[in-house]
Protein chains: 2
Amino acid sequence: MKTNIVTISREFGSGGRTVGKELADKLGWEYYDKEIIKQVSIASGLNEEFIEKNGEYAPTNSLLSYIFSARNGTPGVMNGLSIDDFLWAVQVKVINEIAEKGNCVIVGRCADYILRDREDCLNVFIHASMAARADRIVRLYGESDQTPEKRLEDKDKKRKVYCKRHTDRDWGMAQNYNLSLDSGKIGIESCVEYIAKLVDEIE
Amino acid sequence: MKTNIVTISREFGSGGRTVGKELADKLGWEYYDKEIIKQVSIASGLNEEFIEKNGEYAPTNSLLSYIFSARNGTPGVMNGLSIDDFLWAVQVKVINEIAEKGNCVIVGRCADYILRDREDCLNVFIHASMAARADRIVRLYGESDQTPEKRLEDKDKKRKVYCKRHTDRDWGMAQNYNLSLDSGKIGIESCVEYIAKLVDEIE
């Protein structure tokens, strides 16, 4: 079946977001990343900062997040769900709606899992070695108190826990994607080109 | 660094071996698969059938294998190692020697892990959905008493255990390879073409 949607899951610092943006430009497709956060915020009443932090990562300070983020009812509980599950349910709905429109690249937010039954979806995972990612995040986001390796390990761990909790999948397993690319070894350009080629090729 | 070696790890039934063969043909490189078994047999004194069964899969009937396969000394123990560890040690040696010659495609046998410190190595994982693999193994190897799904599950499980035991890695994790391709979705031809392109491109 012809590909109408590309989902990009990525390791923090791997350049997966850049791959997604450049791919969308190349294909002339819509690009969804921050836009998803905006739509989830409107649909849920939760603020964008909270969604950005909790929409892909396992929360570290749940109690605090619950109290400060809940804006439309009892803190921590919405429609009988915990905020975490409520946020997930809204995210599923928003991503399914986006997918219905087609011709789009969706970065992150377990879109590969949410859209797993759609055959018009090409699921991509972008990763890179610790060294390549450490180099990239220092270049892009500057230094911080933590070493870049520690920052990456923390992010990796939180995404892993989040993924397991909502999808019961082990994050980063090749079998969950149609292709997984090491952007450090292969280069961002080659990643973009090959994905675009597959979108054209796959019938 | 220029690529001199491609390792192909693969799920049983994914066509990874075919990808490896066609890639070697395309590049004009040596192809190592059964040849490794032959070399390990010569270096170890163990017979080829035993190596084929135990060089990638966790043994299910270790005691029996030990008794019937050991041809040069006390059954089950060689050079102070269990046969399993002895076989691994010989395999490591043989694969390192093959890699030294360069310009080769090596299929299976944890070559990606054994050669992990070589920067001239491109590590590929070929996988496919259960349905695509079931279809392929019935087409290639015919029916058997077990359903194709059961045969695949057994093979997957044994490779997973073998990989964990010798490499302490989770088999199939995208991060262990430079690229992982779903041959069912992408097609064997496209896999071969893209890997060959990367071999040319990566400096």
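How many salt bridges are there between chain A and chain B? Two. A salt bridge here is a side-chain nitrogen of Lys or Arg within 4 Å of a carboxyl oxygen of Asp or Glu. One example joins the side chains of Lys197(A) and Glu193(B), at 3.5 Å, N to O.

Some ground rules. This is a predicted model, where local features need pLDDT of at least 70 and side-chain atom pairs pLDDT 80 or more, while totals for chains, interfaces and linings use all residues. Residues are numbered from 1 along each chain as its sequence is written, chains are lettered from A in written order, and side-chain values use heavy atoms, without hydrogens or water.

Now the extent. Chain A puts 27 residues into the contact, and chain B puts in 27 residues; contact means heavy atoms within 4.5 Å. The two chains bury about 2,100 Å² between them, with 50% of it on carbon and sulfur atoms. Buried area is the accessible area (1.4 Å probe) lost on putting two parts together, summed over both.

Next, the elements. Helices (H or I, at least four residues) and strands (E, at least two) are DSSP runs, numbered from the N terminus. S7(A) pairs with strand S7 (residues 179-182) of chain B. The sense is antiparallel, over three bridges. Pairing requires at least two DSSP bridges between the strands. Within S7(B), Leu181(B) is the bridge partner of Leu179(A).
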